[in-house]
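The following exercises concern the structure displayed below.

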Amino acid sequence: MKLYSVRKIDKLGRICIPKEYTKILDMKEDDYIDIQLSENEIVLKKHKQTINYGMLISNILVQEKGTEYKDYLITNEDISNFKLLINHFILEMIKKK
């Protein structure tokens, strides 16, 4: 589905996103949006919270080992295994509720 709309920029550089668009994307007040400048266009996207698994693993190592994460080589396989472990844990937590 493609929708098109023209909006005027106010003196502070703001625009108003049409309510129909925010409803379609299930956006609520205080939600975040990603803003990307790409050549001659500005792209707005609904922000999706993501997990940086590499940084998460590094933080766990720092807490567990008391060392800096730079002392460890974290591979893509480590990250994949960690994602599986976390997903399994989350599913088990959901089952218990």
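**Exercise 1. Salt bridges**

With which residue does lysine 28 form a salt bridge, and how far apart are the closest N and O atoms?

Solution. The model is predicted, so local features need pLDDT of at least 70 and side-chain atom pairs count only at pLDDT 80 or more, while totals for chains, interfaces and linings use all residues. Residues are numbered from 1 along each chain as its sequence is written, and side-chain values use heavy atoms, with hydrogens and water left out.

Step 1. Recall the criterion: a salt bridge is a side-chain nitrogen of Lys or Arg within 4 Å of a carboxyl oxygen of Asp or Glu.

Step 2. Apply it: lysine 28 pairs with aspartate 26, and their closest N and O atoms are 2.5 Å apart.

Step 3. Complete the list: the structure holds two salt bridges. Aspartate 10 and arginine 14 also meet in a salt bridge, at 2.9 Å from N to O.

**Exercise 2. Accessibility**

Solution. Step 1. State the classes: buried means under 20% relative accessible area, exposed over 50%, and partly exposed in between (1.4 Å probe, protein chains only).

Step 1. Lysine 28 is exposed because its relative accessible area is 52%.

Step 2. Aspartate 26 is partly exposed, with a value of 45%; aspartate 10 is likewise partly exposed, at 31%.

**Exercise 3. The largest pocket**

Solution. Step 1. Define the term: on a 1 Å grid over the protein atoms alone, a pocket is an open set of points where a 1.4 Å probe fits, with protein on both sides within 12 Å along at least five of seven lines; lining residues have an atom within 4 Å of a point. A volume is the space filled by probe spheres set on the points, which are joined across faces, edges and corners.

Step 1. The largest pocket contains about 980 Å³ of space. Among its 26 lining residues, Ile17, Tyr21, Ile42, Val43 and Leu44 are the closest to its centre.

Step 2. Strand β2 gives the most to this lining, with six residues. Helices (H or I, at least four residues) and strands (E, at least two) are DSSP runs, numbered from the N terminus.
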